[in-house]
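User: I am new to this structure and would like to work through it by questions. Please show it first.

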Amino acid sequence: MFPLRRNRRLRTNESIRSLVRETILHPNDFIVPLFVVEGKNIKEEIPSMPNYFRMSLDNLESEIKELQKLNLKSVLLFVKVPDNLKDNAGKEALNPNGLMQRAIKTVKNIAPEIIVMTDVALDPYSMYGHDGIIENGQIANDATSNFLAQMSVSHAKAGADFVAPSDMMDGRILTIREALEEEGLNNTGILAYSAKYASAHYGPFRDALDSAPVDLQNIPKDKKTYQMDYHNRIEALRETQMDIEEGADIVMVKPGISYLDIVREIKNMSQVPVAVYQVSGEYAMIKAASQRGWLDHDAIMMEQTTAIKRAGADIIASYFAKDIVKLIS
Ligand code: PBG
């Protein structure tokens, strides 16, 4: 007998297709990463991230106003720290008047409704470009966790709504949660980079912040002793489960497009919201290929970002957030 069901009926035209569409991007889905630098009236394009900029605090204000108009409501702040303020212990990260702390206040002053999330890791502050403190040639886990807890308290006191530890030390979510509670900062949330892989997709980001691991004797040349091995899947579930048990409010998988199997599994097992970071290298690949005319920029951007949501992302940190919202509104 001829098939009773002709699946093509539901694809006949755009009206029907949109009626039965399962996954649709919305401005509420996005976190906008922002790179902040010292100075005045600075807006420098990052060479490996076309049309993405480092900006000084005055320009951060205008950026925030633009995000408000676009209905984008969350930002994730990163700072580029001058070399003379870098050391092994990252102590500038605790400066109550440091760039991050001022950036948080800048956003909150002009847009109290915008959710401010902050990167919590040592790398922009580390003379070695590592996310942790180095002792005897190794990344010291517990010393780093304790430091990240102080850093989180400092960001929360400056007004951050969420701290986002991106370092992958063991036990840091619990250490941070306890430190926040001790200070009465019980409303400050934790977005945990729970399944963060040691990935080659972070290159442009490290250019943006000048934060790549240094090439020195006795210093690890990469982040593979703390970020995860991309050959592994079960490890991601274990890391995420532990972060949830330690009190993470939101868990995150990073990068995005090469890890959609992990995103789906984590979405299936997690009872907290799942975020995905579509990272700098994913952005750079789309920009580079479309600049050459090899791929259609907007079509690829929408396809890859929608795929991240379809895989299970409730929230997407993306350098495309503004472009996407302009396109869909
Ligand atoms: C810092 C941090 C990194 C990213 C976010 N936070 C770089 C790294 O771990 O080396 C990468 C983001 C991106 O590539 O867009 N710990």
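User: How far does a polar side-chain atom of Tyr319 lie from an oxygen atom of the ligand?

Analyst: The model is a predicted one. A polar contact requires N or O atoms within 3.5 Å. For Tyr319, the distance from a polar side-chain atom to an oxygen atom of the ligand is 2.6 Å.

User: What percentage of the ligand's accessible area does the protein cover?

Analyst: On its own, the ligand has 400 Å² of accessible area. The space that the ligand takes is the largest cavity.

User: Which strand and which helix each supply at least two residues of the shell around the ligand?

Analyst: The ligand is surrounded by 19 residues, and Lys196, Lys223, Lys254, Ser280 and Tyr319 are the closest. By type, the shell divides into eight nonpolar, four polar and seven charged residues. The elements that each supply at least two of the shell residues are strand S9 (189–196) and helix H6 (203–209).

User: How many residues apart in sequence are the parts that the pair of Tyr52 and Tyr283 ties together?

Analyst: Twelve aromatic pairs are found in the whole structure. In the edge-to-face pair of Tyr52 and Tyr283, the centres are 5.7 Å apart and the planes are at 75°. Because Tyr52 belongs to strand S3 (residues 49–55) and Tyr283 to helix H9 (residues 280–291), the separation of the parts tied together is 231 residues.

User: Is the peptide bond from Lys254 to Pro255 cis or trans?

Analyst: Most peptide bonds are trans. Pro255 is located in the loop between strand S10 (250–254) and helix H8 (260–269). With omega near -10°, the bond from Lys254 to Pro255 is cis.

Conventions. Residues are numbered from 1 along each chain as its sequence is written. This is a predicted model: local features need pLDDT of at least 70, side-chain atom pairs count only at pLDDT 80 or more; totals for chains, interfaces and linings use all residues. Side-chain values use heavy atoms; hydrogens and water are left out. A residue is near a molecule or strand if one of its heavy atoms lies within 4 Å of it. A polar contact is a pair of N or O atoms within 3.5 Å; within protein, one must be able to donate a hydrogen and the other to accept it, and residues adjacent in sequence count only if both atoms are side-chain atoms. Accessible areas come from the Shrake-Rupley method with a 1.4 Å probe; for residues, only the protein chains shown count as cover. On a 1 Å grid over the protein atoms alone, a cavity is a set of points where a 1.4 Å probe fits but cannot get out, and a pocket is an open set with protein on both sides within 12 Å along at least five of seven lines; lining residues have an atom within 4 Å of a point. A molecule sits in a cavity or pocket if more than half of its atoms lie within 2 Å of its grid points. Helices (H or I, at least four residues) and strands (E, at least two) are DSSP runs, numbered from the N terminus. Ala, Val, Leu, Ile, Met, Phe, Trp, Tyr, Cys and Pro count as nonpolar, Asp, Glu, Lys and Arg as charged, and the others, Gly among them, as polar. Rings of Phe, Tyr and Trp (its six-membered ring) pair if their centres lie within 6.5 Å; planes under 30 degrees apart count as stacked, over 60 as edge-to-face and the rest as tilted.
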